[in-house]
Amino acid sequence: MDNISSLHFLTVTALNEWDWTSRIIFFSFALPVYLLTIVLNATLIMIIAFEKALHEPMYIFLCNLCVNDLCGTTGFYPRALVYLLTETKRISLEECIVQSLVIVVYAVGEFTNLSVMAVDRYIAICQPLRYHTIMSPFTVVSLVTFIWIFPFFIGLMTVSLALKHPLCRYDIHKLFCEHLSLMNLACKQDIFQGIINGFLYISMAVFFVFVLISYLKIILACRKSKVNREKFYSTCVPHLISFLNTTCGLSDSLLTRFKVEKLSNIAYTFLSVIFLTVPPFVNPVIYGIKLGPIRAKILYTFQSPRINNL
């Protein structure tokens, strides 16, 4: 850190080949999606926070997922919209560091959230009689703490190590900063950075396998019970769709690292931002439609003014 001057500015080159028309078209889609993403997630957070009937573990974890989505969205969109609408291509090193931390926390947080939600659904369906005993207030608080502490730990470790060596390059080839982009700017890299990055990807792979095994066990349990099948369709399907959505989005973003030369600049930029744009938008829509209590509360909220005006 001491080797890095506060006067450093980085140049974002992701939009170098974009003409003004492409920028305006992309901006005209990005701004409404950003605002709608905020509204959708904030709506779910407020419904869960103010409706006492929803103060259950499943909805508490869903609320945390929405908060995480808002963090990731806010970490990405404002700066990206500025790049699209202006000729500004520079970002200060300090801003880049903060954005990198937010995005790493968001990416890992998606997997910790979805893993905890998978545990909750597994216990609810496979061990329903012990559900309230296992998912005690202490357990819920512990799981929520894990949801946030682990991503912050990973984020601080990866970003700090990315800044371990002085910078020799100043071009960011994506529309946002993240720890690997910072690491590629350094004059050199060491094995310890590779170990930490390996730990990051192994951790996410473990979460992925853990969720898959949990849902496999849930599906096997549902084959024996009609009640369990109804629980699965009503509560697990949204979680499973959200998990697959997040995994596919992150996979597309990771694949861009290995196909940079084969992709056009616009395609590379688009694929690299999928995991920052699609899951935060799709998640609240899925849960709002599929989870009965939330859907009922949304319908009641919007229908009440009409009823009062009759």
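Colleague: How do the axes of helix 5 and helix 7 cross, and at what angle?

Modeller: Helices here are DSSP runs of H or I with at least four residues, strands are E runs of at least two, and both are numbered from the N terminus. An axis is a line fitted to C-alpha atoms, for helices over the stretch in contact, and angles between N-to-C directions run from 0 to 180 degrees. In this case, helix 5 (residues 137–162) and helix 7 (residues 191–222) have axes that come within 9 Å and cross at roughly 155 degrees. That makes helix 5 roughly antiparallel to helix 7; angles over 145 degrees count as such, while under 35 is roughly parallel, 65 to 115 roughly perpendicular and the rest oblique. This is a predicted model, where local features need pLDDT of at least 70, side-chain atom pairs count only at pLDDT 80 or more, and totals for chains, interfaces and linings use all residues. Residues are numbered from 1 along each chain as its sequence is written, and side-chain values use heavy atoms, without hydrogens and water.

Colleague: Is the crossing of helix 5 and helix 7 left-handed or right-handed?

Modeller: Look at the near helix: turned anticlockwise from the far one by less than a right angle, the crossing is left-handed, and if clockwise, right-handed. Helix 5 and helix 7 make a left-handed crossing.

Colleague: Which residues of helix 5 and helix 7 meet?

Modeller: Contact means heavy atoms within 4.5 Å. Among those in helix 5 are Phe146, Phe150 and Ile154, and helix 7 brings residues including Phe192, Ile196 and Phe207.

Colleague: And what of helix 1 and helix 2, where do their axes come and cross?

Modeller: Helix 1 (residues 20–50) and helix 2 (residues 57–85) have axes within 9 Å, crossing at roughly 160 degrees. That makes helix 1 roughly antiparallel to helix 2, and the crossing is left-handed.

Colleague: Which rings pair, and how many aromatic pairs are there?

Modeller: Rings of Phe, Tyr and Trp (its six-membered ring) pair if their centres lie within 6.5 Å; planes under 30 degrees apart are stacked, over 60 edge-to-face and the rest tilted. The count comes to ten aromatic pairs. The rings of Tyr34 and Tyr77 have centres 4.9 Å apart and planes at 20 degrees, so this pair is stacked. Tyr34 lies in helix 1 and Tyr77 in helix 2, 43 residues apart.

Colleague: What order do the strands of the sheet have?

Modeller: Two strands pair if DSSP finds at least two bridges between them. Here three strands form an open sheet in the order 2-1-3, with mixed pairing.
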